[in-house]
Amino acid sequence: MPPRSAARSRRSRSRVAAPRRSATRATLAERILAWLHQQDLNPGDHVPERLATEAFHVSRTPVRAALALLTEQGLLERRDQRGFFIADGFSGSRGPVAAETPDSALHDAILRDRFSKRLEADVTAAHLARRYTAPRAIVLHVLNRLQKDGIVERALGQRWVFLPALDSLRSQEDSHRFRLILEPAAFLQPGFALDPKRARDLKVALRDLAQQDARHLDLKRALDVDISFHEAMGDASNNRFLSDAIRRQSRLRRLATTSMQVPPARLIESCREHLVILEAAEAGDLTRAAELMREHLAASLRARPGFVNRGAPPMLRASLMGTR
């Protein structure tokens with residue numbers, strides 16, 4: 001290979017390798033974050049780095065890289081010569097760890113364009129590479145990630161097809177009605193048991209959000225806490241199938257909210273409703289908790305036509321116009 005071609009090849013490989021390394025670091029960081037929550041640690045506690053290497057069967061280098069990412073997110077803090085410690089922002093942090101990488105930017109752009117009806121339901125990696133001026137390797141990495149999340153599936157040949165999502169009024173209503181059946185049932189499972197620390201962290205986050213001014217509400221944080229609450233109730237059911245179904249709905253909701261705005265006032269009201277549900281569950285009144293969850297979801301369903309048309313992408317606006 002001529003010297004210039006070899007240099008270009010090395011540069012191309014390094015550009016692809018960098019986001020892969022960063023994506024791997026984010027994945028490990030997310031797993032470590034979940035593991036740290038299980039250790040019942042409090043702000044100021046030392047992070048057991050050696051135990052983390054043993055728990056995940058990796059060397060200290062990738063563990064330290066993942067802990068550094070959590071530090072950048074404000075979840076940990078690093079002290080000279082002493083290692084990593086739990087930061088004040090650790091409580092309630094159960095959402096995905098953000099990784100600022102080319103593939104995460106491409107992932108968000110594809111979802112945004114799909115939910116805005118700027119991207120067809122049937123695509124190829126080559127088409128996406130041209131559209132977003134991205135290396136094919138990164139495009140394929142993103143497509144595989146979307147496939148894992150149940151957003152696309154591989155079709156014949158080189159084609160990828162987007163699966164049904166919460167991209168129309170009908171699909172949103174169907175999702176809500178499914179959740180009305182599903183989520184109240186979590187409290188009525190024989191093995192229902194709340195994780196005390198998880199419930200405590202949720203209450204802190206929900207109380208904080210419930211006192212916010214709607215004009216200055218951090219929408220992303222509010223939505224993250226909202227979804228974390230519903231997933232926590234599903235996990236507490238100790239029914240794997242029920243919990244998995246709730247998490248599947250959570251993934252669809254996260255995707256829908258990348259292109260939609262939910263009114264801050266409704267999010268704040270939801271936080272208050274979540275607190276009442278949580279208090280009933282903690283008191284052991286699971287029948288009441290189930291009924292409160294049903295009322296909460298019904299209220300959100302009633303509010304849906306009022307907020308879907310505000311700031312909704314073209315795909316949703318077209319659906320709305322078609323129902324009039």
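**Reading helix pairs and strands in a predicted model**

Tutor: Helices α8 and α11 are roughly antiparallel to each other. Angles over 145 degrees count as roughly antiparallel, under 35 as roughly parallel, 65 to 115 as roughly perpendicular, and the rest as oblique. The model is predicted: local features need pLDDT of at least 70 and side-chain atom pairs 80 or more, while totals for chains, interfaces and linings use all residues. Residues are numbered from 1 along each chain as its sequence is written, and side-chain values use heavy atoms, without hydrogens and water.

Student: At what angle do the axes of α8 and α11 cross?

Tutor: Two packed helices are described by the angle and the distance between their axes. Here α8 (residues 196-210) and α11 (residues 264-282) cross at roughly 150°, with axes that come within 9 Å. Axes are lines fitted to C-alpha atoms, for helices over the stretch in contact, and angles run from 0 to 180 degrees between N-to-C directions. Helices (H or I, at least four residues) and strands (E, at least two) are DSSP runs, numbered from the N terminus. The α8 and α11 crossing is left-handed; that is, the near helix is turned anticlockwise from the far one by less than a right angle, and clockwise would be right-handed.

Student: Which residues of α8 and α11 meet?

Tutor: Contact means heavy atoms within 4.5 Å. On the α8 side the residues include Leu202, Leu206 and Leu209, and on the α11 side they include Ile268, Leu275 and Leu278. By class, this contact has nine nonpolar, one polar and five charged residues. Nonpolar covers Ala, Val, Leu, Ile, Met, Phe, Trp, Tyr, Cys and Pro; charged covers Asp, Glu, Lys and Arg; the others, Gly among them, are polar.

Student: At what angle do α2 and α3 cross?

Tutor: The axes of α2 (residues 49-56) and α3 (residues 60-72) cross at roughly 115° and come within 9 Å. That makes α2 roughly perpendicular to α3. Their crossing is right-handed. Glu49, Arg50, Ala52 and Thr53 of α2 make the contact with Arg60, Val63, Arg64 and Leu67 of α3. This contact has three nonpolar, one polar and four charged residues.

Student: What is the order of the strands in the open sheet?

Tutor: Two strands pair if DSSP finds at least two bridges between them. The open sheet has three strands in the order β3-β5-β4, with antiparallel pairing. Since β3 and β4 (152-154) each have a single partner strand, they stand at the edges, and one side of each is left without a neighbour in the sheet. Three bridges join β4 to β5 (residues 159-162), and Glu153 stands opposite Val161 in β5. Helix α5 (residues 125-132) packs on the sheet, touching β3 and β5, while helix α6 (residues 136-148) touches β4 and β5.

Student: Which residue takes a positive phi in the hairpin of β1 and β2?

Tutor: Gln81 does, near 65°, in a hairpin with three residues between the strands. Four bridges join β1 (residues 76-79) to β2 (residues 83-86), and the two run antiparallel. Arg78 stands opposite Phe84 in β2.

Student: Where is confidence lowest, and where is it highest?

Tutor: pLDDT is the predictor's confidence in each residue, from 0 to 100. The chain averages 79, and 79% of the residues score at least 70. Confidence is lowest in helix α13 (residues 314-322), at a mean of 39, and highest in strand β3 (residues 122-124), at 95. Over residues 305-324 the pLDDT is below 50, and this stretch has 35 contacts beyond near neighbours in sequence.
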